[in-house]
Amino acid sequence: MRRVIMSYQVGIDVGGTFTDGVLIHKNNLIKKTKVPTQHDNLLDTLLHALEHLDVFKQPVEQITVSTTLVTNAILENKLPPIELFLFPGSGMRLDALPWPVPYHAFMGEIDYRGREVSPPDELEWRRLCNQLDFEAVPQAAIVSKFSHRNRVLEDALAQFLSKKYPQLDIALGCEWGHANFYRRSLTTYLNTASKNLYKTFASQLHQAVAKNGSKAGITVLKADGGILPIDQLRPVESINSGPAASVIGALAQTDPQQSFVVVDIGGTTTDIGLILSGEPLLSAQGARIGPFLTLIPTLATRSIPVGGDSAVLPAPDVPEGFTLAPYRQGPAYCLGGEYPTPTDAMRYLKRVEHGDYARAEEGLASLLPAEGRNPHALQGLALKILEKFAEEVANAFSLLHKEWQEEPAYKVWEVLHPHSAKDFYIWVSGGSARGIAPSLEDKVHLPVRFTQHADVSNAIGAALARPTLSCTLHLDTTIRSYRIEEFGEQKEWLGSKRPHKEVQEFLQEIARERARTIGLNLHELEFKTQPFDFFPVVKGYATVGQIIRGSVVVPPGVVGRLEV
């Protein structure tokens, strides 16, 4: 059931070049803004956007932020160092994996059923601790292989360290209850390292909003396209929120049953995603950021390093006479920058109205020899620049489309929608949407569409995104143990050895309680129960129990659709 928005909603999207903001009331966009992003002072950037929207003069109920705070800290290598302690057990050698951070490996092993195979060696811990300085590095992450099924090794080391170093901030890998040891280790590391940075940012944002007289709740957009209260979000869950905002923003401005590709043209990067019959495509793998593979649920998106402000550099040795650099060197030339960009080409062709026309012409002319600077040559150059831009996007889309077809969710959609067209149209957003649309249509040979609010589509996505929630149950009735994958809960199973409906009702209640715990309104959530798998455990020709897996989810979506 769709909820019609009656209160004021605010969405803020922090981009690489600009931060966009929207104020929405009753599914209508009341006001929008675009302010330069200050990467070294995101709090100030957010407050400027909120002030431009007159947020503090309206009865705003909710402010949703898509923030690059943690993403930037990871990519710019600005996270503080922490100690990473691992219990790898037997099997694959740790040095066979590309670890982007240092670690310490200990003895002790848990098997795939969660049974302790070999105990830890406390003497080994004491020796290493004598070599470490926990005053200089006051945070530690402890991860054991298969700790998602039995956390005994992690708990033992944590208790040892807490007694010896009471001031040490310790995080456990079992809190990310997934099976992939490598990804779980890196996810735990990143979340621990970014915790203080994120906590300070959240506190300052709360104080700034309250100081201006607003009682609005603050939520943050996650990589999976859902939102959570800022105090309940685990910091690393905020990575990839920009691409998620692109997809949710498109969803909020289109027919709920359509299937299409989302292409969001930013100043620094271009994000590409997919919507199938009104539902964003989720990746079966966790999010990747820089060299880190994580367990963070994410939409199946891809960011490529080309945008409206990508520098166009002279290159006499290539046929086009120029190259499109995979980076930004400041604003477009027509907006006061030092280098010509695709935005200058759009301005010269009068596809966009922002920027000084004469400067756009001057910037493009700098790429041509003095004797060849005439209107015909300038127009040809502008078209070639946009053709090159569109080609980069088209190539990325072609590769990503093949990857999408391998996603389990895509294969299920094909089975459930055998008659749906697979030649999707392209939905373009971003400040350069109107300018790139004709060139992109020529390259991908698919219809290209956009709305009058394409320039702030990501902020619309942030404002209208709904909460997401997932609870995946792994139950082994033979050893009377269950766990919840998403938040690492491990407890004793007190039910029957061969449950059926009982276990579904059990998981539904866990999901409802989890929603209440993190501050979600149960009346606004649409819980969906995924099919359960039941595997009998046979011993001596008799069934002695079951291994059961199932999940209850609130999938990504929107709380309303913008009137466009």
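In this predicted model, strand β1 (residues 8–14) runs antiparallel to strand β2 (residues 18–25), and seven bridges join the two. Within this pair, Ile 12 has Gly 21 of β2 as its bridge partner.

Both strands belong to an open sheet of six strands with mixed pairing, in the order β3-β2-β1-β4-β11-β12. The edges are formed by β3 (28–36) and β12 (227–229); each has a single partner strand, so one side of each is left without a neighbour in the sheet. From one strand to the next, the twist averages 20°.

Strand β14 (residues 270–276) is mostly covered, with seven of its seven residues buried. In a regular strand the side chains alternate between the two faces of the sheet. For β14, Thr 270, Ile 272, Leu 274 and Leu 276 are buried on one side, and Asp 271, Gly 273 and Ile 275 are buried on the other.

| Partner of β14 | Bridges | Bridge partners |
|---|---|---|
| β13 (residues 260–265) | six bridges | Val 261 and Leu 274 |
| β18 (residues 302–304) | three bridges | Thr 270 and Ile 304 |
| β15 (residues 279–280) | two bridges | Ile 275 and Pro 280 |

A hairpin of four residues joins β13 to β14. The hairpin of β14 and β15 has two residues between the strands, and Ser 277 there takes a positive phi near 50°.

Burial also marks helix α12 (residues 457–464): eight of its eight residues are buried, so the helix is largely enclosed by the rest of the structure. Among these buried residues are Ser 457, Asn 458, Ile 460 and Leu 464.

How values were computed:
Residues are numbered from 1 along each chain as its sequence is written. This is a predicted model: local features need pLDDT of at least 70, side-chain atom pairs count only at pLDDT 80 or more; totals for chains, interfaces and linings use all residues. Side-chain values use heavy atoms; hydrogens and water are left out. Two strands pair if DSSP finds at least two bridges between them. Axes are lines fitted to C-alpha atoms, for helices over the stretch in contact, and angles run from 0 to 180 degrees between N-to-C directions. Buried means under 20% relative accessible area, exposed over 50%, partly exposed in between (1.4 Å probe, protein chains only).
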